[in-house]
Amino acid sequence: MRNLLKILIVATLVFVLSACNLIEFGLGNLKEELVGRDMLIQTYDEDSQLIDRVQGKSISVNADGEFAIKDSEGKTVEKSSVLNITVGGKQMLHVGSSLLSYETGLQNLFDEYSQKVDITNFDRSVPFLNRLVNDLQNLTSGKSKIVLIRSQSGQPLATFAGNDVSYFSTDIDKSTALLIDGKFLLIYRCDYSIYDTELLQ
């Protein structure tokens with residue numbers, strides 16, 4: 001019990017003292033609403049072939065709330081999967097195919113990493129403590145991770161890596177947002193795996 005208490009105290013101190021990725025994520029979303037992000041948007045078919053590519057300095061990607069399903073009290077029952085994208089004041093709607101949207105400066109390392117991963121690890125640990133520490137680290141300082149992204153049919157599509165990686169839920173159905181070394185990445189309608197970098201070394 002004492003060891004658990006010590007771990008909780010250390011985890012709390014790490015949360016308070018470290019650069020908080022949760023706050024950085026929130027500030028980035030506010031910036032996106034006010035001035036947009038300098039981003040690249042790419043959509044892919046089920047074979048991971050590029051369909052289209054949009055780049056701009058004032059881009060915002062949000063769920064189109066008109067397509068969210070709500071109950072009689074107005075609470076969202078099912079998130080919208082329709083993307084309402086603005087690019088320099090012009091509108092683009094997207095739904096269906098896989099989409100990646102990421103800030104300029106974030107590099108797709110797809111060709112540098114193998115397209116399939118085979119991991120063998122026999123280290124012993126305490127799973128519930130690992131989850132506690134990993135969840136806390138995700139919200140605060142992030143962790144060195146590699147993100148392997150595949151199309152909806154499982155075809156390799158993109159790879160990103162960073163020393164400070166955190167992931168977050170979004171208001172868009174079937175999507176995940178990540179901060180990778182301070183840069184924003186939105187994964188929409190893709191399969192993906194996120195590995196601790198140490199697990200692949």
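This report describes the strands, hairpins and selected side chains of one predicted protein model.

## Basis of the description

In this predicted model, local features need pLDDT of at least 70 and side-chain atom pairs count only at pLDDT 80 or more, while totals for chains, interfaces and linings use all residues. Residues are numbered from 1 along each chain as its sequence is written, and side-chain values use heavy atoms, with hydrogens and water left out.

## The chain as a whole

The protein chain holds three helices and 12 strands, where helices (H or I, at least four residues) and strands (E, at least two) are DSSP runs, numbered from the N terminus. Of the 201 residues in the protein chain, 38% are buried; buried means under 20% relative accessible area, exposed means over 50%, and partly exposed lies in between (1.4 Å probe, protein chains only).

The accessible surface of the protein chain comes to about 12000 Å², and 53% of this surface belongs to carbon and sulfur atoms; the areas come from the Shrake-Rupley method with a 1.4 Å probe, and for residues only the protein chains shown count as cover. A contact means heavy atoms within 4.5 Å, and among contacts in the protein chain between residues at least 6 apart in sequence, 60% join residues at least 24 apart.

## The sheet

Ten of the strands build an open sheet with antiparallel pairing, in the order β6-β5-β2-β1-β7-β11-β10-β9-β8-β12; two strands pair if DSSP finds at least two bridges between them. The edges are formed by β6 (90–94) and β12 (191–196), each with a single partner strand, so one side of each is left without a neighbour in the sheet. On average, neighbouring strands of this sheet are turned by 35° against each other, direction ignored; the axes behind such angles are lines fitted to C-alpha atoms, for helices over the stretch in contact, and angles run from 0 to 180 degrees between N-to-C directions.

## Hairpins and turns

Strand β5 (residues 83–87) pairs with β6 in the antiparallel sense over five bridges, and Ile85 stands opposite Met92 in β6. The hairpin of β5 and β6 has two residues between the strands, and Gly88 takes a positive phi near 55° there. Strand β8 (residues 143–150) is joined to β9 by seven bridges, and these strands run antiparallel; the bridge partner of Lys145 in β9 is Gly162. Five residues lie between the strands in the hairpin of β8 and β9, where Gly154 has a positive phi near 95°.

Four bridges join β9 to β10, again with the strands running antiparallel, and Tyr167 has Leu178 as its bridge partner in β10. The hairpin of β9 and β10 has six residues between the strands, with Lys174 in the turn. Lys174 has a positive phi of about 60° although it is not a glycine, and at 49% relative accessibility Lys174 counts as partly exposed. Ser48, in the loop between β1 (37–44) and β2 (50–63), also is not a glycine and has a positive phi of about 65°, but at 13% relative accessibility Ser48 counts as buried. For comparison, most residues other than glycine have a negative phi.

Leu83 lies in strand β5 and is buried, with a relative accessible area of 0%. Leaving aside neighbours within four places in sequence, Leu83 is in contact with several residues, including Val61, Met92, Leu99 and Tyr188. Along the chain, Leu83 and Tyr188 are 105 residues apart, yet their C-alpha atoms are separated by 9.3 Å.

Ser101 is found in strand β7 and is buried, with a relative accessible area of 0%. Not counting residues up to four places away in sequence, Ser101 touches residues among them Met39, Ile41, Val61 and Phe184.

## Aromatic rings

Rings of Phe, Tyr and Trp (its six-membered ring) pair if their centres lie within 6.5 Å, and planes under 30 degrees apart count as stacked, over 60 as edge-to-face and the rest as tilted. By this rule there is one aromatic pair: the rings of Tyr102 and Phe160 have their centres 5.1 Å apart and their planes at 70°, so the pair is edge-to-face. Tyr102 lies in strand β7 (residues 98–103) and Phe160 in strand β9 (residues 156–168), so the pair ties together parts that are 58 residues apart in sequence. Both Tyr102 and Phe160 are buried.

Another ring, that of Phe184, has Arg37 over its face, at 3.9 Å from the ring centre; a charge sits over a ring if NZ of Lys or CZ of Arg is within 6 Å of the ring centre and within 35 degrees of the ring normal.
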